[in-house]
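Subject: Structure handover

Hello,

I am passing on the structure below, followed by notes on what was found in it. Please read the notes with the structure open.

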Amino acid sequence: MRSAYLAPPGFEAVMAQELARHGAGDLCWHGRLALSALPPVPCLWALDIWDAPEEHAVPSIKGAARIMRAIQRNWAGYAPTLHRRSALVTDALPPVRPRPFTFPAAAPDAHLGAWTLLSADRLLLSRTKSSPFVNGEVPFVENRTDPPSRAYLKLWEALLRLGRWPVAGETCLDLGACPGGWTWVAASSGAHVTAIDRSPLAENVAGLPNVTCRYESAFGLDPESCDPVDWLFSDIIAYPARLLALARRWIAAGRAARIVMTIKFQGETDHDTADAFAAIPGGRVLHLWHNKHELTFFWQRDPL
């Protein structure tokens with residue numbers, strides 16, 4: 001075993017398609033964890049990539065914990081089976097108890113490995129992995145009162161992963177802003193937000209003193225005619241290829257210092273366009289824990 005990829009719940013088939021495109025070889029599934037005998041390949045849809053897996057024979061629970069303790073302190077367990085035995089192994093390891101994040105927050109920087117029991121006497125571990133979060137999950141202390149939809153959680157997670165968020169004195173442009181979840185996030189952080197949509201925002205968001213609403217098409221807006229902004233946000237429902245053209249226009253115009261954009265898929269997953277987004281210099285693409293059948297595109301003038 002030379003690599004392992006943890007799929008988001010319900011998107012195992014989508015991740016398998018991407019891995020096949022990228023030459024990951026034959027896959028053996030352990031719950032949502034796809035195991036490969038080939039070295040790691042890029043995978044936008046994986047919540048987590050285990051890039052250094054090792055198999056160990058473990059005749060006992062304490063033996064499994066002893067092996068991991070000898071390597072490093074912090075481990076995140078994935079247990080699609082053998083739940084009781086896995087829980088006992090976890091209890092024998094130093095505690096790793098992630099709490100929900102209170103936004104604004106930065107991603108954890110402590111080193112974290114991953115492990116799972118393939119059988120009662122076989123341990124698979126990886127000393128390193130791509131995500132700093134336990135199984136790629138990013139829980140928040142939620143605001144169930146002010147945001148007009150749960151879409152705000154996607155932007156919270158995106159900004160947490162960036163380690164930056166809008167602040168007072170900065171300007172934001174929110175394309176396709178209705179009903180206003182992303183506008184609420186940016187405005188609540190202290191920045192001034194111009195919300196672009198043909199439909200009205202929720203009244204409590206539109207009424208914020210640092211929000212300006214413009215009732216027009218996000219795709220009809222000419223970047224060349226816009227004032228520069230610190231942040232460009234987009235959670236628009238649009239075909240990925242059309243959204244890619246929009247992102248390229250804004251990047252070429254040089255009017256946005258940073259871009260956070262949701263790539264939404266309708267029906268089949270457009271892997272070609274997702275790869276085209278990922279190939280844009282200065283950008284990257286991730287499947288966030290709070291994404292559904294969608295990916296998130298990040299871009300900034302200085303490479304991430």
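Trp289 sits in the loop that runs between β14 (283–286) and β15 (294–300); helices (H or I, at least four residues) and strands (E, at least two) are DSSP runs numbered from the N terminus. This is a predicted model, in which local features need pLDDT of at least 70 and side-chain atom pairs count only at pLDDT 80 or more, while totals for chains, interfaces and linings use all residues. Residues are numbered from 1 along each chain as its sequence is written, and side-chain values use heavy atoms, with hydrogens and water left out.

Trp289 has a relative accessible area of 27%, so it is partly exposed (buried is under 20%, exposed over 50%, partly exposed in between, with a 1.4 Å probe and protein chains only). Not counting residues up to four places away in sequence, Trp289 touches several others, including Pro9, Leu47, Val138 and Arg161; contact means heavy atoms within 4.5 Å. Glu157 is another of the residues touched: Trp289 and Glu157 are 132 residues apart in sequence, with their C-alpha atoms 7.9 Å apart.

Next, helix α7. Its 14 residues (240–253) should span 20 Å at 1.5 Å a residue, and the end C-alpha atoms are 20 Å apart, which agrees (the expected span is 1.5 Å times one less than the number of residues). The buried residues of α7 are Pro240, Leu243, Leu244, Leu246, Ala247, Trp250 and Ala253. Among the elements covering them are β9 (171–175), β12 (231–234), β13, α8 (271–278) and β15. Just after α7, Gly254 takes a positive phi of about 70 degrees.

Strand β13 (residues 258–264) contains Arg258. Arg258 is buried yet has no salt bridge, and the nearest side chain of opposite charge, Glu170, is 4.3 Å away. A salt bridge here is a side-chain nitrogen of Lys or Arg within 4 Å of a carboxyl oxygen of Asp or Glu; Lys and Arg count as positive, Asp and Glu as negative, and His and the chain ends are not counted.

Last, the aromatic rings. Rings of Phe, Tyr and Trp (its six-membered ring) pair if their centres lie within 6.5 Å; planes under 30 degrees apart are stacked, over 60 edge-to-face, and the rest tilted. The count by this rule is 13 aromatic pairs. Trp45 and Phe265 have ring centres 5.8 Å apart and planes at 45 degrees, so that pair is tilted. These two residues are 220 residues apart, and both are buried.

Regards
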